[in-house]
Amino acid sequence: MKRYINILLAKTTMAILSCLLFTAVNAQDDRDFWSRVRFGGGFGLGIGSGYTDITIAPGAIYQFNDYVALGVGVEGTYINQDNFYKAWLYGGSVVGLFNPIEEIQLSAELEQLRVNQEFDRDYFDPLVDGGGTSRHRDFWNTALFLGAGYRMDYVTIGVRYNVLYDEDDMVYSNSWMPFVRVYF
C-alpha cells in the first residue's frame with residue numbers, strides 16, 4: 001500500500017511541476033535563452049577516522065521568471081567506512097523551484113540514483129552470499145524531495161523531506177535532509 005501511495009505522490013508532484021513549467025513558458029518575454037540559465041550545484045566532503053564520503057553534484061536551472069525555475073543535475077558519490085561498508089552512487093535529478101516571495105524558495109526534486117553497495121563479511125553472515133568475503137547490492141533508488149528554504153541572492157539554505165524514503169535501502173540515514181543550494 002505504501003508503495004502505491006509513494007507512486008501517486010511522485011506522479012502528482014510531476015504533474016504540478018509540468019503545470020508550473022507550461023504556465024511559466026507562456027509568461028516568457030523575448031530575452032535570450034542562455035541569459036536565463038544558471039549553473040551551480042553542490043559538493044560534499046566528509047572525512048573521519050576510517051570514514052570517507054565525497055559527493056559532486058553539478059546542475060543547471062532555467063529561470064522562467066522571478067518565481068519559477070526548472071533544472072537538471074547529475075550526482076556522483078563515493079562512501080567508504082572501513083571494515084563495514086563501501087558504496088558508489090550515481091545518477092541524475094530534475095528539480096522545480098518556486099519563489100512565492102524573493103526570500104522563500106519551495107522545491108520539488110525527483111532523483112534517480114544507481115546504488116552499488118558492498119558490505120564486509122563481518123557485518124553480514126557469510127552464509128548469506130555463499131561464504132564469500134562481502135555482500136553486494138546493486139539497485140536503483142528513487143527519491144522525491146519536497147523542500148523549503150531561505151534564499152539570499154545565489155544561495156538557498158533549507159531542509160527537504162524525501163517522501164519516498166525507505167530505511168531498508170540504506171541510501172539516506174533518514175527522510176529529512178538539510179541542504180545548501182547554489183546557482184549563479
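In E2, Asp53 is the bridge partner of Gly46. This is a predicted model, where local features need pLDDT of at least 70, side-chain atom pairs count only at pLDDT 80 or more, and totals for chains, interfaces and linings use all residues. Numbering starts from 1 along each chain as its sequence is written, and side-chain values use heavy atoms, with hydrogens and water left out.

E1 (residues 37-48) and E2 pair in the antiparallel sense over 12 bridges; strands are DSSP runs of E, at least two residues long, numbered from the N terminus, and two of them pair if DSSP finds at least two bridges between them. Their hairpin has two residues between the strands, and Gly50 takes a positive phi near 75 degrees there. E2 also runs antiparallel to E3, joined by 11 bridges. Ile56 stands opposite Gly76 in E3, and a hairpin of four residues links E2 to E3.

## Loops and a negative patch

Asp66 sits in the loop between E2 (51-63) and E3 (68-81) and is exposed, at 63% relative accessible area; exposed means over 50%, by a 1.4 Å probe with protein chains only. Asp66 also belongs to a surface patch of negative charge with Glu102, Glu103 and Asp153. Patch members have over 30% relative accessible area and no salt bridge, with like charges joined within 9 Å; a salt bridge puts a side-chain nitrogen of Lys or Arg within 4 Å of a carboxyl oxygen of Asp or Glu.

Asp153 lies in the loop between E6 (134-152) and E7 (155-162), with a positive phi near 55 degrees. Asp153 is exposed at 65%.

Terms used:
Patches are made of residues with over 30% relative accessible area and no salt bridge: like charges are joined within 9 Å, nonpolar side chains (Val, Leu, Ile, Met, Phe, Trp, Tyr) within 5 Å. Accessible areas come from the Shrake-Rupley method with a 1.4 Å probe; for residues, only the protein chains shown count as cover. Lys and Arg count as positive and Asp and Glu as negative; His and the chain ends are not counted. The place of a charge is taken as NZ of Lys, CZ of Arg, CG of Asp or CD of Glu. Buried means under 20% relative accessible area, exposed over 50%, partly exposed in between (1.4 Å probe, protein chains only).
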